Protein chains: 2
Amino acid sequence: MTYAPKERSERTVRELASRARNASRALVKVSNENRNEILMSVAKAIEDSTQKILEANGRDCQLSKPTLEAGKMSSAMFARLKVSERGIREMAGRVRGVARLADPLGRRLSVTELDEGLVLYKESCPLGVIGIVFESRPDVVPQVGALALKSGNAVLLKAGAEASRTNEALVEIWHDCLARFPAVPQDSLCLLHTRSDVMELLTLDRDVDLVIPRGSRDLVEFVARNSRIPVLEHGEGICHVYIDRAADFEKALKITFDSKVQYPAACNAAETLLVHQDIAREFLPRIATKLIAAGVEMRGCSQTVRLLGEVSISHASERDWAMEYSDLILSVKIVNDLPEAITHIHRYGSGHTETIVTEDFDAARRFMDEVDAAGVYHKASTRFADGFRYGLGAELGISTGKLHARGPVGLDGLTTYKYKLFGDGHIVADYCSAARHFTHRAVE
Amino acid sequence: MTYAPKERSERTVRELASRARNASRALVKVSNENRNEILMSVAKAIEDSTQKILEANGRDCQLSKPTLEAGKMSSAMFARLKVSERGIREMAGRVRGVARLADPLGRRLSVTELDEGLVLYKESCPLGVIGIVFESRPDVVPQVGALALKSGNAVLLKAGAEASRTNEALVEIWHDCLARFPAVPQDSLCLLHTRSDVMELLTLDRDVDLVIPRGSRDLVEFVARNSRIPVLEHGEGICHVYIDRAADFEKALKITFDSKVQYPAACNAAETLLVHQDIAREFLPRIATKLIAAGVEMRGCSQTVRLLGEVSISHASERDWAMEYSDLILSVKIVNDLPEAITHIHRYGSGHTETIVTEDFDAARRFMDEVDAAGVYHKASTRFADGFRYGLGAELGISTGKLHARGPVGLDGLTTYKYKLFGDGHIVADYCSAARHFTHRAVE
């Protein structure tokens, strides 16, 4: 009952998308209980197929070794490609975790009585068909499949070519499970194979509702520039920590250190420290000592360099202020006041997450109202910007766009809404002739 | 204090957008009371400037007369261009109406305690800078300006060239008002002039957050295809009325007639009538009599033509099912059952508004759950799909897209949200080391 890879690759992406669209029509009829039952059975099938997955992954790793040895693949990338028994248990666990989330569908966003007997419901529903493009991480296949199924969407997946055997094994396991649940067509999860498949996908705006690229900045930009379908961009994170004149130094030291050092490769790590001039002389040497001890390289504005000395810190160039280092590097700038901090953030920031440390609540409120970013924090580390930490249960990415979804995106990001209007023969002519009048009463 | 048109046209669109971005930074600081005060003063200024507006409009009409007489401008378009004293009072009234709407900003969409002393607020806020492109209707200038200001956004407006003098007079009145409110920069409302201005606008994804094209299908498609900025598409309306086997005929007759005849030029008017085969023989002659009496031209499937006779109805071609007539024309098809009706709607519909007339509640529920459209109705005319009728207070358009906004879009469509996190020195390392734990408690 599963598609052989050959059979699949013979279908054009257009055909696959059209079949996914049909599958999405069937998915809206499947209850939350049934969706969860399938996810639980997929989780078990993944565990039961440990040997099969490890074998497929072994072949992928084998074939990538020459690339690794030739220095064309980083060891970090190779490590992400490699799947362990524990990793397989974690995949299954994550699928079960998605099954346990609240049903994102059929939520009533508002209920309005338009007139007697004429009631309007705004209800969440699936988007339809999602395209997801990501780079080599086989554990994303079951995770994305689970999020899509839970939210009633069909999904077309393009994964990294290095992991193709592992990905195919995982999709085969998925399809074998679906074969036992005829309500959900196998076409609801489909693997794409090549970059040209992705190019074709991006033109199919009639059959694909949303594209999510996950991976390098190059990948995200490539997709955004070439897509005729809306794109959920997991954007850059150029996050700032601003230490105000009225900061408590203990909190400021902790928050700066955590924002930069706790996991510097994350998009929510801080890249720039802004310090109010009134406290710079006292604060900067203290934070510098802590950061240098943790191996952080600092690049400062000329005032900062004068204050700390060129042994501790190098000169930042204009480019530094706009850099996502994703590493133990921090740019540091002394600002005259809060407005200058905000202007700097708007000029160089990416609208991801910005934090102010101050005991002056008016300054905090001003920062949080005026800074245009997905997250604006008061006395908290930028590293909190994360779907799990926000309590969303799952994370599809962190959007730096402002439309549809902003900041950490959970299952809701895969839903839209529809208006359901229940009447009993109501017509508009009666309201135009003033025979009837709208009540527009919000129903709780 | 106002910009002379000449001075304005010397600025590039890039400069105008950058100034609009700066203006949007100032707008977030303006309270709802102040925004309303400005709108009330603009409304008065419009009334006080009736003579000035009529003169400018007179020149526009004068210059368009040769085009009208040469048949290159429809008389409907000329009528829309022409502004009357009453029209000016209505413009002012609409600006006051927007001032009276609830503040769309700072609404708390959710509040979550992440941990003791660490609280996350999801709050509505302005998008920033909106680009609006519309065809010749001068009354849209104050309306769009009011909606943008009310929602804290700066706006770049491209209006129809035929109305350029009227539009400029209206913008000048607006700017004169703003001169008395220094908190709101005049750059927050700016007029663009040419089609090449629009082309430049569509590339400015760093300074413009959303583009809304209002006008012909050609205009909407042109903008959607050429924009690197998200577009709120006011899409086509190919709406269906489906008369189920279990329909009450009186309701079915009323709803069909209202959906087609009440205002056929609207996008929410019905274009196709689908009738269950079991009741076609009885229902179709009755609705045909009513529609023909109202001057409706009918085009049917072969079964319908056989039933009604070629005198009453012509043969529909494949193209008819996908046509937005925007006129007193209706295509009619007999379907075997509900699934065939749904399949037809998915194949030819534009995802705008679809209605079922039936007394069988299971059939209604199935239709409303399965049909993928912004509006799914039970026993109500498709003509209810409208921001005012939905109680949104204002309407920016009706979106047939699924991202950000779907269906009739009110002021909310011009807002996004940001997460505000209030802590007191909270860092992520404490949660990774399990020194602290998330509570994730929804706060009411």
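Colleague: What makes strand 2 of chain B and strand 16 of chain B a pair?

Modeller: Eight bridges join strand 2 of chain B to strand 16 (residues 415-426) of chain B, and the two run antiparallel. One bridge joins B:P126 to B:T415 in strand 16 of chain B. This is a predicted model, in which local features need pLDDT of at least 70, side-chain atom pairs count only at pLDDT 80 or more, and totals for chains, interfaces and linings use all residues. Residues are numbered from 1 along each chain as its sequence is written, while chains are lettered from A and ligands numbered from 1 in the order in which they are written.

Colleague: How do you know that strand 1 of chain B pairs with strand 2 of chain B?

Modeller: Six bridges join strand 1 (residues 108-115) to strand 2 (residues 118-126) of chain B, in the antiparallel sense. The two form a hairpin with two residues between them, and B:G117 in the turn has a positive phi of about 75°.

Colleague: Why are strand 5 and strand 6 of chain B called edge strands?

Modeller: Four strands of chain B form an open, parallel sheet in the order 5-4-3-6. Strand 5 (189-192) and strand 6 (210-214) of chain B each pair on one side only.

Colleague: What makes residues 13-27 of chain B a helix?

Modeller: A helix is a DSSP run of H or I of at least four residues, and a strand a run of E of at least two, numbered from the N terminus. Residues 13-27 form helix 2 of chain B, which lies across strand 3, strand 4 (154-158) and strand 5 of chain B.

Note on methods. Two strands pair if DSSP finds at least two bridges between them. Two residues are in contact if their C-beta atoms, placed from the backbone, lie within 7 Å. Axes are lines fitted to C-alpha atoms, for helices over the stretch in contact, and angles run from 0 to 180 degrees between N-to-C directions.
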